[in-house]
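Hi everyone, thanks for making time.

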Amino acid sequence: MRRHSKSVQKSGRFLSWMERHRVHSVLFLGAGCAAAAVLLFFSIYTRGTTVTYDGKVLASLPSEAAAEDARTGVERMTAQTLGRSFKIDDSLLHYDSGWLRRQDLVDKETYQDDLFKEIGVVTEAYCLYVNGERIGATPYEGALEQLLEQLQLSATNEGTISCTFAEDVRIEPELVPTDEIMNLGHLAETLYSTKTAEVTYTVAKGDTWSEIAESHGLTSKELLALNPGYNIDKLQIGEILTMSASVPYLTMTVVQQERYLDRVFYDIEYTDTDSLYKGDDKVTSPGQYGAADVVANVTYVNGEETERTVLSSVTLQQPVTEQRLRGTKDRPTWHPTGTFRWPVSGHVTSYYGSRRSGYHGGLDIACPRGTPVYAADGGTVTYAGWMGSYGYLVRIDHGNGYETYYAHNSSIVTSVGAHVYKGQQIARVGSTGNSTGPHCHFEVRYNGARRNPLNYL
């Protein structure tokens, strides 16, 4: 009862207190609501800056300082990409600060990307590099990888073991000038095409066509293909020859496994006979190739075979041995060897080809009067005497379509019909006929047509 009485007393005092402080509670509740409203406002809105470029709203950032910082970054990266200074026109940029919804704000990186796109001077792209040289760029991710894959697929089939590029091929994401963005079709044409890698050589005194070709790793035929229409018998000092032409952007190496029928080479058996000269032979029973089923790995570089490794070879048909007679009879010393030596030792004063006084059909080799003149190769003397502007002339038929001329001699030490061997003296140097000093005028003719002697000596 006492506890109950005390409880009633406390309740009465609390009700009295509430009655006295009723106005204060209303004020407290109002203040709480106001604080909640303020907190709600600041959770939704914040101070920020809206950026407008050329009349178009680009983005909203936390502050004008952040927008300016992003602008500076865009100007710097654009200048680096273009390789020159770049400044955004102040009249195109406008900043408007005020209360903005927090969800409308973007970070600096997003704003930079938008500003890059709006300016349009540079573009984020994927660039294709071949040995460090940028070939092209595209804004489409994965497009260059697909293009390279298509190039490789076009060169392969079911027998392909591998297909690789010899060059260092890389794809890098980076900023590029917008005008360097390429259409993918154009980029594919570029990779299929060739680039100029021309190397030239200036003809010098004493050069011959075959020597120039050999020194540059070419055959005479390959050199002529690089210089079409060129007369190889009329080399002129100072002329410029092309040593290499265009080369492909990409070198594709493809290894294929191939199966095919191949020839099996036949052996040759010789029987000695004194009815033929040494070095000559005669087929009495021709050989026949055999046949084999071959499996090989073949390497192609840009479509041209560079290596063939035979994995297996099964003979299907045996070859037939060829029978030949081989000469044992001593060959006359005057028979041609097929190569030419210098007729005299001296200084070349006039080369084959055009010169001021007209066309020159041979070599002028200056040396003292009376110097021995030797046969360039074995053969038969078909002329030995005076011949107009040639003066005293010796002409030798080498029996293989070639003839050699030795002109302006002071005297002749052979005669028509004589068989002379390579290196045999046939005359002495002089200055007879149309000559301005002692020298040997040497000509090489094939089937009657003059040839440049330097291509044979």
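Let's start with Cys-127, which is buried, because its relative accessible area is 0%. Please keep in mind as we go that this is a predicted model.

Cys-367 is buried too, because its relative accessibility is 9% and the cut-off for buried is under 20%. So how far is the sulfur of Cys-367 from the closest cysteine sulfur? The distance is 6.7 Å, and the partner in question is Cys-440. A disulfide here needs the two sulfur atoms within 2.5 Å, so the sulfur of Cys-367 is too far away for a bond.

Is Glu-124 buried or exposed? Glu-124 counts as exposed, because its relative accessibility is 52% and exposed means over 50%.

Last stop: Glu-149, which you'll find in helix H5, spanning residues 143-154. Glu-149 has a relative accessibility of 46%, so this residue counts as partly exposed. To get back to a cysteine, look from Glu-149 to Cys-163: the two are 14 residues apart in sequence, and in space their C-alpha atoms are 10.0 Å apart.

That's my tour, and I'm happy to go back to any of these residues.

Key:
Residues numbered from 1 in each chain as written. Predicted model: local features only at pLDDT ≥ 70, side-chain atom pairs only at ≥ 80, totals over all residues. Heavy atoms only, no water. Buried < 20%, exposed > 50% of the residue type's maximum accessible area, 1.4 Å probe, protein only. Helix = DSSP H or I, 4+ residues; strand = E, 2+ residues; numbered from the N terminus.
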